[in-house]
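Thanks for coming. Please have a look at the structure before I start.

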Amino acid sequence: MPGAIIITIWFVAPLIGTYWLKPGAIERGDIEIAIQLMGVVIALRWPVGLYYGTLIGLHRPQNSYRIVAAMTTVANLGAILVLLAAHQSIAAFFVWQAAAAVVNLLWARRSAWRALDGYSE
C-alpha cells in the first residue's frame, strides 16, 4: 500500500501542482517536488498506525505515547531548525519530515515486534 501511495502521488503531482494549486509566487517545479515528498511522507506514516495499534492492543500504550511525543517533537523542532539554519525551501521542510518519518517507522516497528516477542497467550 505505501508503494502505491508513493507511485500515485509521484505521477499525479504535476497535475495537482498545475491545475489544482495554480502556482503563483512559488515555481511549479518546487510545488511538484513538494507534493511528491508529501506522498513519501504519507506512505512512510501510513504503517506506523498499525504498529501503534499493536502496542496499544498489547496493553503497552506508554511505549506508543513515548514514540509519538518524541517523534512529533523531533519532526517539528527539526523542521524549524532546518528552515532557519539551512534551507528556506518547502522541499527542505518535506525532506526533513520524510527523514523523521523513517525514524518514526523504524522505532515503532521495533517496539511493536519487541512487544509481540514478549507476548504469550
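**Helix packing and selected residues**

At 31% relative accessibility, Ser-89 falls between the 20% and 50% cut-offs, so it counts as partly exposed. This is a predicted model, and that applies to everything I say today. Ser-89 sits in the loop between helix 4 and helix 5. Its side chain reaches the backbone nitrogen of Ala-92, at 3.1 Å. Ser-89 and Ala-34 are 55 residues apart along the chain, and their C-alpha atoms are separated by 9.4 Å.

Two packed helices are described by the angle between their axes and the distance between the axes. Helix 4 covers residues 61–86 and helix 5 covers residues 90–117. How do their axes cross, and within what distance do they come? The axes come within 9 Å and cross at roughly 160°. An angle over 145 degrees counts as roughly antiparallel, and helix 4 and helix 5 are therefore roughly antiparallel to each other. The crossing of helix 4 past helix 5 is right-handed.

On the helix 4 side, the residues in this contact are Arg-66, Ile-67, Ala-70, Met-71, Val-74, Ala-75, Gly-78, Ala-79, Val-82 and Leu-83. From helix 5 they meet Ala-92, Phe-93, Trp-96, Gln-97, Ala-100, Val-103, Asn-104, Trp-107, Ala-108 and Ser-111. By class, the contact of helix 4 with helix 5 has 15 nonpolar residues, four polar and one charged.

Next is helix 3, residues 48–57, against helix 5. Their axes are 9 Å apart, and the packing angle is about 30°. The cut-off for roughly parallel is under 35 degrees, and helix 3 and helix 5 are therefore roughly parallel to each other. Helix 3 passes helix 5 in a left-handed crossing. Helix 3 contributes Val-48, Tyr-51, Tyr-52, Thr-54 and Leu-55. The contact of helix 3 with helix 5 divides into 10 nonpolar, three polar and one charged residue.

Six of the residues in the contact of helix 3 with helix 4 are nonpolar and two are polar, with no charged residues.

In the loop between helix 3 and helix 4 is His-59. Most residues other than glycine have a negative phi. His-59 is not a glycine, yet its phi is positive, about 60°. Is His-59 buried or exposed? Its relative accessible area is 68%, so His-59 is exposed.

Glu-32 is in helix 2 and is buried, with a relative accessible area of 16%. Leaving out residues up to four places away in sequence, Glu-32 touches Ala-13, Pro-14 and Thr-18. Met-38 is also in helix 2, residues 28–45, and is partly exposed at 33%. Its C-alpha atom is separated by 21 Å from that of Arg-109, 71 residues apart along the chain.

Methods: Residues are numbered from 1 along each chain as its sequence is written. This is a predicted model: local features need pLDDT of at least 70, side-chain atom pairs count only at pLDDT 80 or more; totals for chains, interfaces and linings use all residues. Side-chain values use heavy atoms; hydrogens and water are left out. Axes are lines fitted to C-alpha atoms, for helices over the stretch in contact, and angles run from 0 to 180 degrees between N-to-C directions. Helices (H or I, at least four residues) and strands (E, at least two) are DSSP runs, numbered from the N terminus. Angles under 35 degrees count as roughly parallel, over 145 as roughly antiparallel, 65 to 115 as roughly perpendicular and the rest as oblique. A crossing is left-handed if the near helix is turned anticlockwise from the far one by less than a right angle, and right-handed if clockwise. Contact means heavy atoms within 4.5 Å. Ala, Val, Leu, Ile, Met, Phe, Trp, Tyr, Cys and Pro count as nonpolar, Asp, Glu, Lys and Arg as charged, and the others, Gly among them, as polar. Buried means under 20% relative accessible area, exposed over 50%, partly exposed in between (1.4 Å probe, protein chains only). A polar contact is a pair of N or O atoms within 3.5 Å; within protein, one must be able to donate a hydrogen and the other to accept it, and residues adjacent in sequence count only if both atoms are side-chain atoms.
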